[in-house]
Amino acid sequence: MPQSPRKIRTPSGDGWSSLSATQRSDKALRILITRETNWVNLYNILDVILSDVGGTIWQEGWAPESEIKRLKHTADSENTLGDEARHGRERTQAPADPMSLKEADSFIRSIMRAWLAWKSKLEPRGTGSVQ
């Protein structure tokens, strides 16, 4: 049975969001823990985080925007990754400095740690979650 959403403090709007930390965090953690480490899954984790915080990733210094673009470009490049690429055909030039899968995994884990720490600071203190 799905958990009911936890509300978290957000920096804008009415100060509360019913789009739960549990839903987004759980999805990213599920992908990381239960699926193999590959370009599609790492990109999906990044998508979850970006859909939650967008440019906060580079604005807060979790990762440079240029490295996010490098990871995405590598993940999408058939010329670089062959059958492991997210796309079945090359849409742009192959990256000049592609990211290795090991580097991409470490990069995503670093962003995820920063994101989860940031989210934990936004939760109301003392009561755990607010319904």
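In which hand does α4 pass α6, left or right? The crossing is left-handed, a term for a near helix turned anticlockwise from the far one by less than a right angle (clockwise gives right-handed).

## About the model

This is a predicted model, with local features needing pLDDT of at least 70 and side-chain atom pairs counting only at pLDDT 80 or more, while totals for chains, interfaces and linings use all residues. Residues are numbered from 1 along each chain as its sequence is written, and side-chain values use heavy atoms, without hydrogens and water.

## The overall fold

The protein chain has 6 helices and 2 strands, arranged along the sequence as β-β-α-α-α-α-α-α. Helices here are DSSP runs of H or I with at least four residues, strands are runs of E with at least two, and both are numbered from the N terminus.

Taking contacts (heavy atoms within 4.5 Å) between residues at least 6 apart in sequence, 55% link residues at least 24 apart.

## Helix α6 and α4

Let's return to the opening pair. Helix α4 (residues 65-76) packs on helix α6 (residues 101-122) at about 135°, and their axes are 11 Å apart. Axes are lines fitted to C-alpha atoms, over the stretch in contact for helices, with angles from 0 to 180 degrees between N-to-C directions. That angle makes α4 oblique to α6; under 35 degrees counts as roughly parallel, over 145 as roughly antiparallel, 65 to 115 as roughly perpendicular, and the rest as oblique.

On the α4 side, Glu 67, Ile 68, Arg 70 and Leu 71 take part, meeting Glu 103, Ala 104, Phe 107, Ile 108 and Ile 111 of α6.

## Helix α6 and α2

Helix α2 (residues 39-53) also meets α6: the axes come within 10 Å and cross at roughly 25°, so the two helices are roughly parallel. Their crossing is left-handed. Residues in this contact include Leu 42, Ile 45 and Ile 49 from α2, and Ile 108, Met 112 and Trp 115 from α6.

## An aromatic pair

The whole structure holds 1 aromatic pair. Trp 62 and Trp 118 sit edge-to-face, 5.8 Å centre to centre with 70° between the planes. Rings of Phe, Tyr and Trp (its six-membered ring) pair if their centres lie within 6.5 Å; planes under 30 degrees apart are stacked, over 60 edge-to-face, and the rest tilted.

Trp 62 is in the loop between α3 (56-59) and α4, and Trp 118 is in helix α6, so the pair ties together parts 56 residues apart in sequence. Trp 62 counts as buried, at 14% relative accessibility.

How values were computed: Buried means under 20% relative accessible area, exposed over 50%, partly exposed in between (1.4 Å probe, protein chains only).
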